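Please look over the sequence and the three-dimensional model shown here before reading the report.

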Amino acid sequence: MSAVSESMNRRMTLGLLASRYGFDLDPTFATEVTITSIADDIDSVRPGSLFMPSTQVDEQQLRQVQALGAYGAVVPHALRGKTDGVQIPLIYAEPTAQQLGKLASEMAGSPSDSLAVFAVAGSNTQTVEQGVRDLADFLHMLGNPVGVISSGNSQSLERYLDLNYPLSILDVQRTMAVCAEDGAAAVILALSEETLKDDALQSVSVDVLGCDDNGLGEAEIVKSVARFGCTVGKRTHIAVRTQESDVLASQAAVAYGQTNSSALSLSISMVLAAGVRKANIKSALRVSRDLN
């Protein structure tokens, strides 16, 4: 169960959900039933939840979520006529990942719209997690409250988040909502299969996408992360290490106690892509050096 399920707190009626996404509601007079959260596993169900199972579901499970206080459930059309013992409203549908992402984002308050979203990709999990840590430290040095979503250590500002990895679409939206509610200005995502399930970033718009593999072009970088479903659009800045970022990183590596400055170089390149001035970056690196 997600430790941050309480953050999926927007409300929606079953009638609005069914009409907006073209789903079939039974009974039809349940249109005004209002759900207050979405749960994709039984342990996450609480009073007011809409149960949207991530795996195959049967009547026994539906009775369980009914007893836990679910106000409705989304089930495949194949179950029509096979749930006589279930008293909660049912929505018959086979929602796509895109539909689930849009719904989850809406219920969570569209958190990616209020956060600067940085996503770190790389050749392996270790380099991705190192890149995430360095970027989080660097953004913090620049005065930005930051959230981190990574199997290595997810945090909302200074608060550790106890999550079950890899994260689903709902998990990501819940976690981003927590970061936004805690006052984060930015969130950093680790694009790795250890952190995220396929399509986990549906309806998440990425502002800066960084990759440690300088041998890949922009189109190849975008293709390499497509499995996670994140929105990489015209406003997304693609960042890789540059000669300029390498020089700045090598000069600051001693302050971080590092012999390899490549992850810091990528962080600097990503921050530059986000629009932070070079003078501010140099100042932050100088302060870090003095403190160390």
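The report below goes from the whole chain to its sheet strands, its rings and its pockets.

## Basis of the report

This is a predicted model, in which local features need pLDDT of at least 70 and side-chain atom pairs count only at pLDDT 80 or more, while totals for chains, interfaces and linings use all residues. Residues are numbered from 1 along each chain as its sequence is written, and side-chain values use heavy atoms, with hydrogens and water left out.

## The chain as a whole

The protein chain has 9 helices and 14 strands, where helices (H or I, at least four residues) and strands (E, at least two) are DSSP runs numbered from the N terminus. Along its principal axes, the C-alpha trace spans about 70 × 35 × 25 Å. Of the 292 residues, 47% count as buried; buried means under 20% relative accessible area, exposed over 50% and partly exposed in between, with a 1.4 Å probe and protein chains only.

## Strands and their pairing

Strands of a sheet pair through backbone hydrogen bonds, either parallel or antiparallel. Here two strands are taken to pair if DSSP finds at least two bridges between them. An open sheet of 7 strands has the order β11-β10-β9-β12-β8-β13-β14, with mixed pairing. At its edges stand β11 (159-160) and β14 (237-239), each with a single partner strand, so one side of each is left without a neighbour in the sheet. Within this order, β8 (residues 116-121) and β13 (residues 208-211) run parallel and are joined by 4 bridges, and A119 has L209 in β13 as its bridge partner.

Strand β5 (residues 49-51) is joined to β6 by 2 bridges, and these two strands run parallel; L50 has G72 in β6 as its bridge partner. From β6, G72 and V74 point one way and A73 and V75 the other way, and all are buried.

## Aromatic rings

The count comes to 1 aromatic pair, under a rule by which rings of Phe, Tyr and Trp (its six-membered ring) pair if their centres lie within 6.5 Å, planes under 30 degrees apart being stacked, over 60 edge-to-face and the rest tilted. Y21 and F23 form this pair, which is stacked, at 5.8 Å centre to centre and with 25° between the planes. Y21 is buried, with a relative accessible area of 10%, and F23 also counts as buried, at 10% relative accessibility.

Another ring has a charge over it: R80 lies over the face of Y92, at 4.2 Å from the ring centre, the rule being that NZ of Lys or CZ of Arg is within 6 Å of the ring centre and within 35 degrees of the ring normal.

## The largest pocket

A pocket, on a 1 Å grid over the protein atoms alone, is an open set of points where a 1.4 Å probe fits, with protein on both sides within 12 Å along at least five of seven lines, and its lining residues have an atom within 4 Å of a point. Grid points are joined across faces, edges and corners, and a volume is the space filled by probe spheres set on the points.

The largest pocket has a volume of about 440 Å³. Of the 22 residues that line this pocket, M52, P53, S54, P95 and L100 are the closest to its centre. The elements giving two or more residues to the lining are β6 (72-75), α3 (97-107) and α5 (169-182).

## The second largest pocket

The second largest pocket has a volume of about 340 Å³. Among its 16 lining residues, those closest to the centre are A136, D137, V148, Q155 and L157. Two or more residues of the lining come from each of α4 (125-141) and β9 (146-149), and α4 gives the most, with 6 residues.
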